[in-house]
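Hi,

Here is the structure I promised to pass on.

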Amino acid sequence: MLQASNIEFYYNSNQKFEIPDINLKSGDQLLIIGKSGSGKTTILNILGGLLKPLSGDVKINGTSVYGLTGGQLDKFRGKNIGIIFQKPHILSALNVEENLKLANFFAGEKSDLISPLLKELGIFDKRKSNVNTLSEGEAQRVSIARALVNNPKVILADEPTASLDDENASNVVKLLQQQAVKYNAALIIVTHDQRVKDHISNQITIGGES
Amino acid sequence: MNMLRLSWKYLIAKPLNTGLNILLLALGLAIITVLILIQDQFENKMTKDAEGIDLVVGAKGSPLQLILSSVYHIDFPTGNIDMADAIALSKNRLVKNIIPLGMGDNYQGYRIVGTNHDYLDIYNAEMVSGVIWDKPFDVVLGNETAAKLGLGVGDTFIGSHGIGSSSHEHDEHPYKVTGILTPMGNVLDKLILTSIESVWYTHDEGHDHEKFETPVAKTGFPETDEDREVTSLLVQYRNPIAAVQLPRFVNSKSALQAASPSFEISRLFELLGVGVKLIQGLAVVIIIIAGLGIFIALFNSLKERKYDLAVMRTLGASNGQLFLHIVLEGVILTFIGAIVGILIGHLFLAVLVMQNEQGAISGLTAMVFLVEELWILVYAVIVGIIASLIPAWNAYQTDIAKQLTKA
């Protein structure tokens, strides 16, 4: 489902990021742990088709991601990769439901997942709400719903628990795992948060032990 | 969800900013709309009213005043001329037809104009009811005059001296309405037409009742052995040479003055043109400021929205779509601004016309939409595109990875 091989990337040639090869099947889960500055987010950007590596290849569902150009890559990303950020980053001009519809629109999909997803994540009542009225936890769930709404092959989460308390952090990770299993997607969580360790056994540590 | 809706959502997320920009643009465009409407209708009306009248002859004075008073019935007449001079002129071989006008009275602000039946023929006037006048003190009302005064065939009224406001009333001889004209869409609509004789007899001291029963002249001049005057003459040329020779011939006579409607009206428009240009310039400045306002609003909002744009990219938006997203915001703003502006322009003109029921602009209507107004829409949208180009280009270049890592 997802293969990353021989990836090389650096902003400064003295300070190369060591990026391990990754090979995941549908439904697999992977935790990438590293300190701040170890290049966690860079790896995630490369896997998510947001940052082109200097060399190496990322394949998702058999398609070489960086072999695609311009609009093709954008569409592919929208359809196949769901990204969850540390902060929810929901578009505040739109309400909850419209945020999900927009994800559908940009991916060129028309999914019937919007209502079931919102129900599963317990925010169906808030579907018409202004984004600014949501609590932190609700907002994070909206961003998870948005990442899942196109039924992606790969879910990438960048520090999804960083700003949450213990209970919510645990909930969010469980939620991500549940949804990944349910929609049969590969899940990669990148974090420095030790609390996540217990949930996912398949782990890679980068930038030395923390 | 589509691009148009997305841009719209972002606009209404900031209603005050959006409203201000729309209003400013609308104001500039409203001014231009009013100018276009007035100019077009004014010129149309002016040309239509002067059709069939080649030359106006009257007492010495301002030629423009002579035209305005005798053709458009808006200014005061320059004075009266001797009928003997008028008859002498009518015998000139260059004159095809000559129509005398006698003015000086009004009824509740509507001018009473003494003339003959030829005057109605110039405009191909038809009656909606009744017949054309036959005896002294018979009058025919313009359609609007009849409607506003609430007079019908058979009704009588008493005229008063003067042209605009009434001074003393001629209480001895009531006028009798014998007919009403169809709506003409020209100067006739607001007149009260009668024979030259009516105008004379109103001002006479004595009462000769036999005279009042004699049919009036239907064409040419009334026959009379008294010294009579008329106010002005409308002249039709017999041939093109007349246009060169007749005005010079008339003006060389000390008592008379000739003025050409088409010449005087183009002179009038030239004079007004300076003012129109000035207002136009003002409108253009307002539109440019509105464009700048839109540019600044988009540019500023873009700083806050860099992250939103990057998120849209991760959701599958191409950089072309982001470009379109920003340009659409500018276009929606200016499109709405143009529509609002055109509506305000029409509304403004409607109010203006309502408040000047008998003035020079009373014949205008706000209910006409011109092709030029479509051009206003096009220009406005072009302003929107130009104002949003730089912000849109910035959006196009959003570096997703860098933008997302920054936060």
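First, a term for below: a crossing is left-handed if the near helix is turned anticlockwise from the far one by less than a right angle, and right-handed if clockwise. Helices here are DSSP runs (H or I, at least four residues), numbered from the N terminus.

Keep in mind that this is a predicted model, where local features need pLDDT of at least 70, side-chain atom pairs count only at pLDDT 80 or more, and totals for chains, interfaces and linings use all residues. Residues are numbered from 1 along each chain as written, chains are lettered from A and ligands numbered from 1 in the order written, and side-chain values use heavy atoms, without hydrogens and water.

On to chain B. H2(B) (residues 15-50) and H11(B) (residues 319-355) cross at roughly 50 degrees, their axes coming within 6 Å; axes are lines fitted to C-alpha atoms over the stretch in contact, with angles from 0 to 180 degrees between N-to-C directions. That makes the pair oblique (under 35 degrees is roughly parallel, over 145 roughly antiparallel, 65 to 115 roughly perpendicular, the rest oblique). H2(B) passes H11(B) in a right-handed crossing.

H11(B) also packs with H12(B) (residues 371-396), at about 150 degrees and with axes 7 Å apart, so these two are roughly antiparallel. Their crossing is right-handed.

Lastly, B:Ser7 sits in H1(B) (residues 3-12). B:Ser7 is buried, at 0% relative accessibility (buried is under 20%, exposed over 50%, partly exposed in between; 1.4 Å probe, protein chains only). Beyond residues up to four places away in sequence, B:Ser7 touches B:His325, B:Leu328, B:Glu329 and B:Ile332 (contact means heavy atoms within 4.5 Å).

Cheers
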